[in-house]
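Here is a quick tour for anyone opening this one for the first time. Have a look at the sequence and the fold, then read on.

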Amino acid sequence: CIRDRFHSTCFVAFISYNCETMSGVADTEKCNTIEPDRMLPFVFDLPPSSLHFVDNEKQLLKFQLALKEACLVGIDTETKPTFVPKRFLQGGPNPTSIIQIAIRSHASKECVHIIDMLKLRNSANLLNSLDISLEEIFLNQTCLKIGQGLTNDFRELAEAYPEMKSFRLVHSVLETYDLVKYLQPVIINPISLKNLVKQYLH
């Protein structure tokens with residue numbers, strides 16, 4: 001059922017939103033705007049042991065083991081903004097700095113891995129090991145990959161890390177933009193991830 005699938009989407013959307021807040025990735029300038037944040041107070045509803053920062057070989061191995069059990073993967077990325085048009089950039093846009101991956105296993109266990117791409121790219125071996133694992137899960141047609149604006153995320157990742165093959169082809173992708181259009185055809189403008197969480201989880 002399409003609605004049941006959307007509730008699975010809400011899991012990764014909720015995790016992704018909270019990871020931004022907990023990891024300090026969220027744009028603090030946006031949080032301090034004049035207009036008050038009308039969102040409901042969110043908390044990370046998984047135990048702290050379920051949140052992992054992947055920036056070394058040990059944490060990468062833990063992430064790879066979790067991926068082998070995945071049946072549902074939520075993906076979001078973070079990139080340092082440039083605030084200038086691309087045509088004026090010198091040296092190209094900033095590379096994607098973080099990939100946030102929420103995983104649900106076949107046994108319904110959930111965990112979140114925040115991958116520090118800028119740290120891992122300093123080691124060719126670690127980056128190659130990550131690439132192999134991501135390519136395996138991204139090409140797996142039985143594992144659903146969910147995200148908001150995933151097409152753009154994968155394009156930016158492929159441009160930032162051309163040595164990695166995993167971002168070039170991804171199977172079984174569920175784009176929340178398309179899903180919202182199916183559920184609410186009257187909506188013209190995209191709904192933000194925060195508002196999707198508020199609408200379908202509360």
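S108 counts as exposed, at 54% relative accessibility. Exposed here means over 50% relative accessible area, buried means under 20%, and partly exposed is anything in between, using a 1.4 Å probe and protein chains only. You'll find S108 in the loop between β3 and β4. Its phi is near 65°, a positive value in a residue other than glycine. Most residues other than glycine have a negative phi. S172 is another case, with a positive phi of about 55° although it is not a glycine. S172 sits in the loop between α6 and β6 (173–175), and at 26% relative accessibility it counts as partly exposed.

A word on the ground rules: this is a predicted model, where local features need pLDDT of at least 70 and side-chain atom pairs count only at pLDDT 80 or more, while totals for chains, interfaces and linings use all residues. Residues are numbered from 1 along each chain as its sequence is written, and side-chain values use heavy atoms, with hydrogens and water left out.

Now the whole chain. The protein chain has 8 helices and 6 strands, and along the sequence they follow the pattern α-α-β-α-β-β-β-α-α-β-α-β-α-α. These are DSSP runs, numbered from the N terminus: helices are H or I with at least four residues, strands are E with at least two. Of the 202 residues, 45% count as buried. Take contacts between residues at least 6 apart in sequence: 74% of them join residues at least 24 apart. Contact means heavy atoms within 4.5 Å.

What sits inside? The largest nonpolar core has 30 residues, and those with the most contacts inside it are F63, I115, M117, L130, L134 and F167. Elements giving two or more residues to this core include α3 (57–68), β4 (110–116) and α6 (150–160), while α5 gives the most, with 6 residues. A second, separate core of 10 residues includes L72, L183, L196 and Y200. A nonpolar core is a set of buried Ala, Val, Leu, Ile, Met, Phe, Trp, Tyr and Cys residues joined through side-chain atoms within 4.5 Å. In soluble globular proteins, nonpolar side chains tend to be buried together.

| Residue | Contacts |
|---|---|
| L134 | F63, L67, I101, M164, S166 and F167 (within 4.5 Å) |
| L60 | V54, L126, S129 and L130 (within 4.5 Å) |
| T96 | T77, E78, T79, M117, L118, E156, L157, A160 and Y161 (within 4.5 Å) |

Is L60 buried or exposed? L60 is buried, with a relative accessible area of 1%, and its place is in helix α3. L60 and L127 are 67 residues apart in sequence and 9.7 Å apart in space, C-alpha to C-alpha. T96 lies in strand β3 and counts as buried, at 1% relative accessibility.

Back to the outside. The loop between β2 (70–79) and β3 (96–105) holds F88, which is exposed, with a relative accessible area of 53%. Together with F83 and V84, F88 forms a nonpolar patch on the surface, with about 360 Å² of accessible area together.

Methods: Patch = residues over 30% accessible without salt bridge, like charges linked within 9 Å, V, L, I, M, F, W, Y side chains within 5 Å. Areas by Shrake-Rupley, 256 points an atom, 1.4 Å probe, with all protein chains shown as cover. Salt bridge = Lys/Arg side-chain N within 4 Å of Asp/Glu carboxyl O. Lists of a residue's contacts leave out its neighbours within four places in sequence.
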